[in-house]
Amino acid sequence: MGKEFIKKSCSSNRIMITNKIKKNNTCPLCGRMGKMVKNVTVKHLITDEFMGKIGNEDYYLCMDENCDIVYYDLNSGIIFSKQQVKVPIWFKDDANPKYACYCSKVTEEEVINAVVKDGATIMSQVLKITGAMSEPNCQNNNPLGQCCHKIVQEAINKGLAILNQ
Ligand SMILES: [Zn+2]
């Protein structure tokens with residue numbers, strides 16, 4: 001009787017743990033962790049056709065490069081795929097063009113070219129050559145709602161890696 005009770009409470013513990021894992025904001029399609037994105041950003045980037053579906057909650061952005069899902073909210077069950085977002089998501093495998101700076105519409109390729117062809121090595125030179133981040137409005141334009149600086153820097157690093165090959 002006593003043993004039975006312990007078994008039961010163990011298994012109910014396990015169920016609680018499983019529920020917790022399900023709640024932790026992983027993409028419903030690929031299961032990878034998403035990054036939180038403010039509602040205002042999602043409203044800016046979803047195509048007009050699906051505007052009415054968005055509601056007022058914040059969303060998560062699926063960071064998996066092969067996954068079709070862009071934004072999801074596990075509470076409401078609402079998801080938006082790549083086709084329902086106005087801009088290509090730079091880290092998704094088929095993003096075209098791949099933007100490094102969404103505000104000034106500067107592509108990763110342009111940043112890499114500034115490094116490889118024009119000899120820029122640091123951020124300020126790249127920004128001058130490409131015009132990236134000249135009109136920053138990242139909360140509305142960048143799919144994460146965050147400053148494009150980090151993506152531009154990653155593109156610079158790619159350019160420098162090409163030079164060092
Ligand atoms: Zn996903």
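The crossing of helix 3 (108–116) and helix 6 (149–163) is right-handed, a crossing being left-handed if the near helix is turned anticlockwise from the far one by less than a right angle and right-handed if clockwise. In this predicted model, local features need pLDDT of at least 70 and side-chain atom pairs count only at pLDDT 80 or more, whereas totals for chains, interfaces and linings use all residues. Residues are numbered from 1 along each chain as its sequence is written. Helices (H or I, at least four residues) and strands (E, at least two) are DSSP runs, numbered from the N terminus.

The axes of helix 3 and helix 6 come within 8 Å and cross at roughly 45°, axes being lines fitted to C-alpha atoms, for helices over the stretch in contact, with angles from 0 to 180 degrees between N-to-C directions. The two helices are therefore oblique to each other, given that angles under 35 degrees count as roughly parallel, over 145 as roughly antiparallel, 65 to 115 as roughly perpendicular and the rest as oblique. On the side of helix 3, the contact is made by Glu-108, Val-111, Ile-112, Val-115 and Val-116, and the residues of helix 6 that take part include Val-152, Ala-155, Ile-156 and Gly-159; two residues are in contact if their C-beta atoms, placed from the backbone, lie within 7 Å.

Helix 3 also meets helix 4 (123–130), with axes that come within 10 Å and cross at roughly 115°, again in a right-handed crossing. Here Glu-110, Val-111, Ala-114 and Val-115 of helix 3 meet Val-126, Ile-129 and Thr-130 of helix 4. Within helix 3, Glu-108, Glu-110, Val-111, Ile-112, Ala-114 and Val-115 are buried, where a residue is buried if 20 or more other C-beta atoms lie within 10 Å of its own, exposed if 12 or fewer, and partly exposed in between. These buried residues pack against strand 5, strand 6 (106–107), helix 4 and helix 6.

The largest nonpolar core has 38 residues, a nonpolar core being a set of buried Ala, Val, Leu, Ile, Met, Phe, Trp, Tyr and Cys residues joined through C-beta atoms within 7 Å. Among the residues with the most contacts inside this core are Tyr-71, Val-111, Val-126 and Val-152, and the elements that give two or more residues to the core include helix 2 (39–45), strand 3 (69–73), helix 3 and helix 6. Domain 1 (25–84) and domain 2 (99–163), whose bounds come from an automatic or database domain assignment, both give residues to this core, so it lies between them. Leaving aside neighbours within four places in sequence, Val-126 is in contact with Val-111, Ala-114, Val-115, Ala-120, Ala-132, Val-152 and Ile-156.

Val-42, in helix 2, counts as buried because 24 C-beta neighbours lie inside 10 Å. Not counting residues up to four places away in sequence, Val-42 touches Val-37, Ile-54, Tyr-59 and Tyr-71.

Several backbone features fall in loops. A cis peptide bond, with omega about -5°, joins Asn-96 and Pro-97, and Pro-97 is found in the loop between strand 4 and strand 5. Lys-105, which is not a glycine, has a positive phi of about 50° and is placed in the loop between strand 5 and strand 6; Lys-105 is partly exposed, with 15 other C-beta atoms within 10 Å. Met-133, also not a glycine, has a positive phi of about 60° in the loop between helix 4 and helix 5 (138–141), but Met-133 is buried, with 20 other C-beta atoms within 10 Å.
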